[in-house]
Amino acid sequence: MEAPVTLEGFPQHLTLRDGTKVVVRSVEATDSNALLQFYRSLGEADREFLTDDVTKPEWVQRFVRLVQLHEIVSLVAEHEGKVIGEATLYRTPHGWTAHVGELRVSTAPAFRRKGLGTVLAHELVRVATGLGLEKLIVQMVENQAAARRTFARLGFKEEAVLRGHVKDIHGIKRNLVIASNDVSHIWDAMEAMVADFSPTSG
Amino acid sequence: MDKTEIRVGGLGGQGVILCGMIIGKAASIYDGKHATLIQAFGPEARGSACSAQVTVAEEAIGYPYVTHPDVLIVMSPDAYTQFAPTLKPGGTLLYENELITPDDKLPQGTKALGIPATRFAEELGRRLVLNIVMTGFFAGVTELVSFEAVEKAVRDSVPRGTEDLNMRALRSGYDYGREVLAKGN
């Protein structure tokens, strides 16, 4: 039996700090064009932080296919029917990092500083713990101050800095920060609950 | 008096007691019936035999101990060996079918239904939700507690942050139970 990834509690109707209403839901097969439009609307400076060329239709098709195959889990935020943000959880189903998930979040410039990134990241953390992951990581370039604040608020701690690891669009080398959030304590509580042991009962 | 006696057996670390507690909670708090729970632990937290005795009834329960259960849920071979002979004739055995193979110890007329609960739990992402898969299987097969009640009982019982995975575990066991029941009828 393949374990289906059905996301509990979506779609969600949320209100951002400035009162903007958004709907957060899981990515569907029909979202290719909307995602492509969203990514093409980002400036070059924003896209430099992304690891894929998200403006290509081939990328979007592959991305949506991976969602359908449950290899990645992706959420979109919509405002008035238009995609304004996207958050994806990448994980390896087998091997020594099967307990680790990586989060990537992108938001439209017009909706920044309103809590959209926090909303998406928060929901994705919830999804990730619900999938049984124990450690979550996020990669950020050192000058992504807003992203670093957002993830710090969600309990991520900067764990490693890879010096001169990435180059920006001007060819300047920048440090890559890897922040992590150890969410295994959530599962420790579950483990204690199923221990079937009481120190006062024999 | 309409009363059903249930025994859950397994090893420490499989969530035997939580399984019994959720069934009792679903029946009493959310389905409006009466329920009692008796739990027995071994001396170690992990690996020792443990069991839960749950009684569910429409009326108040005067005696909570279960000696001959109507339904036996077993998650380990040892629990099967120990408790299978105590099952009431015509009772229901729910077992983890990749760990246990039923034999001739079963009383006459036993309805034995298996589920690969450990595999389901592992595929969902966490082996430790095995007991929740079994709980869903119990609800799906016996219909003794409603799905809505057991869903609320699970949500109410498991640690914060683990609800989604536990809900999926419950659903997978329940759906499998409904399937098994449909095939059997």
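# Strands, helices and a nonpolar core

In strand β6 of chain A, A:K135 has A:V100 standing opposite. The model is predicted: local features need pLDDT of at least 70, side-chain atom pairs count only at pLDDT 80 or more, and totals for chains, interfaces and linings use all residues. Residues are numbered from 1 along each chain as its sequence is written, while chains are lettered from A and ligands numbered from 1 in the order in which they are written.

**The sheet of chain A**

Helices (H or I, at least four residues) and strands (E, at least two) are DSSP runs, numbered from the N terminus. Strands pair if DSSP finds at least two bridges between them. Chain A has an open sheet of eight strands with mixed pairing, in the order β1-β2-β3-β4-β5-β6-β8-β7. Its edge strands, β1 (12–15) and β7 (157–167), each pair on one side only.

Strand β5 (residues 100–107) of chain A pairs with β6(A) in the parallel sense over three bridges. Strands β3 (residues 72–79) and β4 (residues 82–91) of chain A pair in the antiparallel sense over eight bridges, and A:V76 stands opposite A:E86 in β4(A).

Side chains alternate along β6 (residues 135–141) of chain A.

**The core**

A nonpolar core is a set of buried Ala, Val, Leu, Ile, Met, Phe, Trp, Tyr and Cys residues joined through C-beta atoms within 7 Å. The largest one has 103 residues, and A:L120, A:L124, B:I73, B:L94, B:V133 and B:M134 touch the most other members. Helix α1 (residues 16–30) of chain B gives the most to this core, with nine residues.

Axes are lines fitted to C-alpha atoms, for helices over the stretch in contact, and angles run from 0 to 180 degrees between N-to-C directions.

| Helix pair | Axes come within | Crossing angle |
|---|---|---|
| α3(B) (117–124) and α6(B) (163–184) | 10 Å | roughly 145 degrees |
| α4(B) (130–142) and α6(B) | 6 Å | roughly 40 degrees |

The contact of α4(B) with α6(B) has twelve nonpolar, seven polar and three charged residues. Ala, Val, Leu, Ile, Met, Phe, Trp, Tyr, Cys and Pro count as nonpolar, Asp, Glu, Lys and Arg as charged, and the others, Gly among them, as polar.

Note on methods:
Buried ≥ 20, exposed ≤ 12 C-beta atoms within 10 Å, placed from the backbone.
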